[in-house]
Structures are given as C-alpha cells and as structure tokens.
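Subject: The structure I promised you

Hi,

Here is the structure I said I would pass on. Please open it next to this email and follow along as you read.

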Amino acid sequence: MKALLLLILTVWLNSQYGGCSLSSSCCYPPSKWCSSLESAIECGVLKHCLQSNFTKSRQTDDSVQVGLYYESLCPGCRLFLTEMLFPTWLLLKDIMSVTLVPYGNAQEKLIGQKYVFECQHGEEECLGNMIETCLLNMTEMAFPIIFCMESSTDVIKSAQSCAQIYSPQLRWDSVMSCVKGDVGNKLMHQNALKTEALNPPHEYVPWVTINGVHTDDLQQKAMNSLFSLVCSMYKGPKIPACGGNQKNYKNKCHNE
C-alpha cells in the first residue's frame, strides 16, 4: 500500500513541479499550464483550460468537505491520515477539500497573555501539533509535508526534512518562529476553539466530519472506505475515479 502511495505521490509532485515541455515554446510545469492566459496559449492548451476551469468551478461548489480533528502522535490518527485520508485526497482532490485541525484531546489554559497547552501524549505531541498548525498557515504544501511527518518513524525529527522535500522555498527558521511565537500560540488557540465547538462534542480522535457533520455512521464509513464515502456524497458530475465517463482501453491493433 505504501509503495503504491509513494508512486502516486511522485506522479503528483511531478505534475506540480515538472520542467519545460518538449515544446520549446512552453516552459511551464503542467500544474501551471492553466494558471494564466499566457501560459495556456504558449502551451497550446487554451481550449482545454477553458473547459477544465468551468468543470472545476462546478466541482468546487459541490465539493465534499472532510474535516479531521486529530493529534500528531496518536497512533490511530496517524494511521487514518496516512493510509486513508491522504491517498483519498490524492485521487479525489478535485471533488473534496480537507481541513486538518491538530489539537485533539489537548487542554489549554490562559496564563498571562499566552495560552499554555497540555497534550495527551506529552510535550512532544504539543510540539508536533504546533509545527503542523504553523505549516497549515504558511504553505499550500502543508498536507504533503504533514503526511510525510506522520508516516515517518519520528514525527518531530522528520519535520524539517519533509518540509525541505515538498516546500524547499519555505524557511525552517520562519516555521520555528511561528511555533515559538505569538502567531503559533494564537493559531493553536483557534484549533482549541474549533475542537471545543464540535457538535456533538468529540469523544475520541481521529474525529471525522463530512460537510461539517459528524455521526457514528459517517465516522464508520470514513474509517472503512473514505474513498467510497466521498464518491457517494459528491453531488456533481461523476468523475472517472468514481466510475463516471471512463475511457475505453479495449481497442486493439490486430496483427495483420
């Protein structure tokens, strides 16, 4: 499973950071072909981009919103995030959005002008929660970085190297300034408020919401097969990954 996931992730990263096209007139990575009128024209994909942007705008309106309330060192949270949530997002990111809230069963106290946090798995978990919270506020590549951290042997020690892999332009000292400073403290307080506002109140982690709703049935379906749940909940046009309009690969070239 992990080998397959790494293959999928490699393909996805290549699409994000690919080099110049074989065509000398196009030096944009595939992920940027539709980022502007200029890039679309240079890469010869203007018609495709116009059609794709229209489809994506409809998909975004109907996207399934998956929320994960978790803590960085919780074994069950790590397993769900790395083996269920992230692979599903890679395959269905056009029709689903993910909100990560690293806080879980922590507790906060206001001492002076700052909040002090106590985490279920100790100070290391509080540090992991804070690093991931700052990453979510600082880079669009936060989810892959967090996946890398949570799938590693040591969540904390792998953080900087994971950030270097997926967001090399991100300065680690800036991340740690957030972690140790007022910004991180305020961001974690917001995570506490979001977690405390859950209705019904969370009883355990990982705690999953679908379109802002948590029920025992949705939780069980998400844990068993989030992929199937998202496909069934999506109200827009069926995408190929969910069984819609698949290409025909049965054509043959006969030996004559």
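A disulfide is a pair of cysteine sulfur atoms within 2.5 Å. With that in hand, look at Cys148 and Cys162: they are joined by a disulfide, S to S 2.1 Å, and the angle about the S-S bond is -70°, which makes the link left-handed. Cys148 sits in helix α6 (residues 142–150) and Cys162 in helix α7 (residues 159–166), so this pair ties together parts that are 14 residues apart in sequence. Before we go further, please keep in mind that this is a predicted model.

**The other disulfides**

Cys134 and Cys178 are linked with their sulfur atoms 2.1 Å apart. This link is left-handed, with -85° about the S-S bond. The pair connects distant parts of the chain, since Cys134 belongs to helix α5 (residues 123–138) and Cys178 to helix α8 (residues 172–180), 44 residues apart.

Cys119 and Cys126 form a disulfide as well, again with an S to S distance of 2.1 Å. Here the angle about the S-S bond is 110°, and the link is right-handed.

**Buried or exposed?**

Are these cysteines buried or exposed? The cut-off to remember is that a residue is buried when its relative accessible area is under 20%.

- Cys119 has a relative accessible area of 15%, so Cys119 is buried.
- Cys126 comes out at 16% and therefore counts as buried.
- Cys134 is buried because its value is 0%.
- Cys178, at 6%, is buried.
- Cys148 is buried, with 14%.
- Cys162 is buried too, with 2%.

Two further cysteines are worth a look: Cys74 is buried at 8%, and Cys77 is buried at 1%.

Which residues make the contact? From α4 they are Arg78, Leu81, Thr82, Leu85, Phe86 and Trp89, and from α6 they are Phe143, Pro144, Ile146, Phe147, Met149 and Glu150. Sorted by kind, the residues of this contact are 9 nonpolar, 1 polar and 2 charged.

**The nonpolar cores**

Leu85 also turns up in the largest nonpolar core, which has 32 residues. Val66, Leu85 and Leu226 are the ones that touch the most other members. Two or more residues each come from β1 (64–70), α4, β2 (96–102), α6, β5 (207–210) and α10 (216–233). The largest share is that of α4, with 9 residues.

What does Leu85 touch, leaving out residues up to four places away in sequence? Its contacts are Val66, Leu68, Phe80, Met96, Val98, Leu100, Phe143 and Leu226. Phe143 is a residue you have already met in the contact of α4 with α6. Apart from this core lies another one, of 28 residues, including Tyr103, Ala106, Ala142 and Ala192.

Then turn to Cys148 and Cys162 and find the disulfide between them.

Enjoy exploring, and write back with any questions.

Best wishes

Conventions: Residues numbered from 1 in each chain as written. Predicted model: local features only at pLDDT ≥ 70, side-chain atom pairs only at ≥ 80, totals over all residues. Heavy atoms only, no water. Buried < 20%, exposed > 50% of the residue type's maximum accessible area, 1.4 Å probe, protein only. Helix = DSSP H or I, 4+ residues; strand = E, 2+ residues; numbered from the N terminus. Contact = heavy atoms within 4.5 Å. Nonpolar A, V, L, I, M, F, W, Y, C, P; charged D, E, K, R; others polar. Core = buried A, V, L, I, M, F, W, Y, C linked by side-chain atoms within 4.5 Å.
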